[in-house]
Amino acid sequence: MEYKYLGNTKEKVPVLGVGTWKMLGNEKNDIDTIRYAIGRGMALVDTAEMYGNEIMVGQAIRGFENVFIATKVAPHNFRYNDVINACNQSLKKLGVKQIDLYQLHWPNHSVPIKETMGALEQLKKDGKIRHIGVSNFDVREFEEAQASMKNSEIVSNQVEYSILTRDVEKDMIEYSRKNNITLIAYSPLASGALFSAKYQNLAIMLSSIGKKHGKTMAQVALNWLIINEHVIAIPKASSKAHVDENMDAIGWKLTKSEISEIDHFLSNIRKRPLSSIFTPIIKRNGFWSKYVMKRNEKASQKQNK
Ligand SMILES: NC(=O)c1ccc[n+]([C@@H]2O[C@H](COP(=O)([O-])OP(=O)(O)OC[C@H]3O[C@@H](n4cnc5c(N)ncnc54)[C@H](OP(=O)(O)O)[C@@H]3O)[C@@H](O)[C@H]2O)c1
């Protein structure tokens, strides 16, 4: 495994971690796969209270000593007391004494950010979380959140970033470089869209570049991300074969001319219809997250019966 510094800290995290969104399906298989991935070095596991799977993730990480556990508080819980309660719930579900990285899942413009960040600082002071992170924050939101804390630094921003979704390149990449912020690339394989018929030509191009290195297109797509100094990625994989394949995205590097070739190709294709169309609505308040969380918890309970 390769490692990168987490934000401005002296701590290193693996460049590939485990994404767990939608991992409710076959619980036994999910747990086995997560444990396998950790064993192979992907010892950073990302979950969220909204995913409804923290209990399952807690079971999966049990017994490992050095797993870095990242979870997120849902936007409808951004009031001070709600953040504290949500964190306590997550600790309990995960079965850990401390969360390594506690992230704000999405901005919620209806709650003063100072109140939310104050709660995160308190949790850090109380030893319940080790690091503070955000997710889906743009540069302005990030700066506001950072400025509203007294003694802590935000170490990371978890953002949608893949060959097909490159919004963060507008300014977040540069900002993270200047300020030593780790960007955790979520949906790094475009939630599987990379492998769909719609992007067949892209797949052919990536595969042909991969062939020169003895690599697959998934490995090229992940290598393309983590080649960025401050970027780590958290692909979700439900099989050991996919975990193994993704692991081989490290230990080699695309050349500069291959990166240019990919960039040139991408400038000529239509990217994914971005979730950013809905971003302003999502960020307005946390009503939606309450609904999503309830739905996911129900689904999780149903699976576990
Ligand atoms: N902060 C946020 O708002 C946010 C939002 C979305 C996601 N996330 C995080 O990011 C993680 C990853 O994102 P994601 O789940 O949307 O999508 P992703 O990791 O981009 O893609 C997952 C899809 O790719 C497939 N896949 C994985 N490895 C593969 C390989 N080597 N070859 C072919 N297919 C492969 C998976 O199939 P199998 O399952 O069959 O292996 C799955 O269908 C999530 O699990 C979650 O932890 C965060």
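Me: Which residues have the most contacts inside the largest nonpolar core?
Reply: A nonpolar core is a set of buried Ala, Val, Leu, Ile, Met, Phe, Trp, Tyr and Cys residues joined through C-beta atoms within 7 Å, where buried means that 20 or more other C-beta atoms lie within 10 Å of a residue's own, exposed means 12 or fewer, and partly exposed is in between, with C-beta atoms placed from the backbone. Here the largest such core has 84 residues, and those with the most contacts inside it are Val45, Ala185 and Ala221. Helix H8 (residues 217–226) gives the most to this core, with eight residues. This is a predicted model, in which local features need pLDDT of at least 70 and side-chain atom pairs count only at pLDDT 80 or more, while totals for chains, interfaces and linings use all residues. Residues are numbered from 1 along each chain as its sequence is written.

Me: What is valine 45 in contact with, leaving aside its neighbours within four places in sequence?
Reply: Two residues are in contact if their C-beta atoms, placed from the backbone, lie within 7 Å. By that criterion valine 45 is in contact with residues including Gly17, Val18, Ile34, Val57, Ile69 and Ala70. For the protein chain as a whole, residues 24 or more positions apart account for 76% of the contacts with a separation of 6 or more.

Me: In what order do the eight strands of the open sheet stand?
Reply: Strands of a sheet pair through backbone hydrogen bonds, either parallel or antiparallel. Helices (H or I, at least four residues) and strands (E, at least two) are DSSP runs, numbered from the N terminus, and two strands pair if DSSP finds at least two bridges between them. In this structure the order is S3-S4-S5-S6-S7-S8-S9-S10, with parallel pairing. The edge strands are S3 (18–19) and S10 (231–233), each of which pairs on one side only. Helix H8 packs on the sheet, touching S9 and S10, and its direction makes about 150° with that of S10; axes are lines fitted to C-alpha atoms, for helices over the stretch in contact, and angles run from 0 to 180 degrees between N-to-C directions.

Me: What kind of unit do S4, helix H2 and S5 make?
Reply: A crossover is right-handed if, with the strands pointing away from the viewer, the path from the first strand over the helix to the second runs clockwise. S4, helix H2 (residues 54–61) and S5 make a right-handed β-α-β unit, and the crossover from S5 through helix H3 (residues 80–94) to S6 is likewise right-handed.

Me: Why is strand S8 described as largely enclosed by the rest of the structure?
Reply: Seven of the seven residues of S8 (residues 154–160) are buried, so the strand is largely enclosed. S8 pairs in parallel with strand S7 (residues 129–135) over four bridges, and five bridges join S8 to strand S9 (residues 182–186), again in parallel.
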